Amino acid sequence: MEQIHAVRRIQFAAGHRVFQHESKCRNLHGHNYVAFFHARAESGLDAIGRVIDFSVLKEKLGGWVDENWDHGFLAWEKDTEALEAIRKVPGQKVYVTKRNPTAENMALELLLEVAPKVLAGTGVTLSRVVLWETENCYAEVQVDVR
Ligand SMILES: Nc1nc2c(c(=O)[nH]1)N=C([C@H](O)[C@H](O)COP(=O)(O)OP(=O)(O)OP(=O)(O)O)CN2
């Protein structure tokens, strides 16, 4: 059977570091991230042929990203040094992650934790998140369809 997805691109800027990275990514730094959210309908296309309107994905997923990650700093809860340093900056937006904020773990958080919450009641779920961290590197996570 065919599979149809509506895919929404959302860009954001954020700071992070990869805790215990072997080289340069241990430093506090930032990226212009680009996320692609792949949504599928729980019960087929709507009356006019959409999985969901692209603007709803922007409002729900983009809204969450804007509020929580955009122009903020992501730090792992175990990375107490980074958290302590960044919290010294008055007014700094900080998001504490449950996993080391690699591109893989950020994509996982968007797919497994953020999307189910913000898309509840819309009739769609995400099957995949692709997160570009640099122009050369991205991580992809998808739900198991077996
Ligand atoms: N598997 C992962 N590897 C790395 C991650 C990650 O999230 N997952 N993150 C980093 C750094 O945070 C950052 O992305 C630096 O990447 P870099 O290797 O420098 O890639 P660039 O495209 O910026 O530059 P190149 O010149 O191509 O190296 C590191 N690894």
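**View 1. Residue types in the shell around the ligand.** Four nonpolar, seven polar and three charged residues make up the shell around the ligand in this predicted model; Ala, Val, Leu, Ile, Met, Phe, Trp, Tyr, Cys and Pro count as nonpolar, Asp, Glu, Lys and Arg as charged, and the others, Gly among them, as polar. The ligand is surrounded by 14 residues (a heavy atom within 4 Å), and the closest are Cys25, Ala103, Glu104, Glu133 and Thr134.

The model is predicted: local features need pLDDT of at least 70, side-chain atom pairs count only at pLDDT 80 or more, and totals for chains, interfaces and linings use all residues. Residues are numbered from 1 along each chain as its sequence is written, and side-chain values use heavy atoms, with hydrogens and water left out.

View 2. The side chain of Glu104 has an N or O atom 2.7 Å from a nitrogen atom of the ligand (polar contact: a pair of N or O atoms within 3.5 Å). Oxygen atoms of the ligand lie 3.1 Å from a polar side-chain atom of His29 and 3.2 Å from a side-chain N or O atom of His16.

**View 3. Strand 2 beside strand 5.** Strand 2 and strand 5 (residues 124-132) run antiparallel and are joined by eight bridges. Val34 stands opposite Trp132 in strand 5.

Definitions and conventions. A polar contact is a pair of N or O atoms within 3.5 Å; within protein, one must be able to donate a hydrogen and the other to accept it, and residues adjacent in sequence count only if both atoms are side-chain atoms. Two strands pair if DSSP finds at least two bridges between them. Helices (H or I, at least four residues) and strands (E, at least two) are DSSP runs, numbered from the N terminus.
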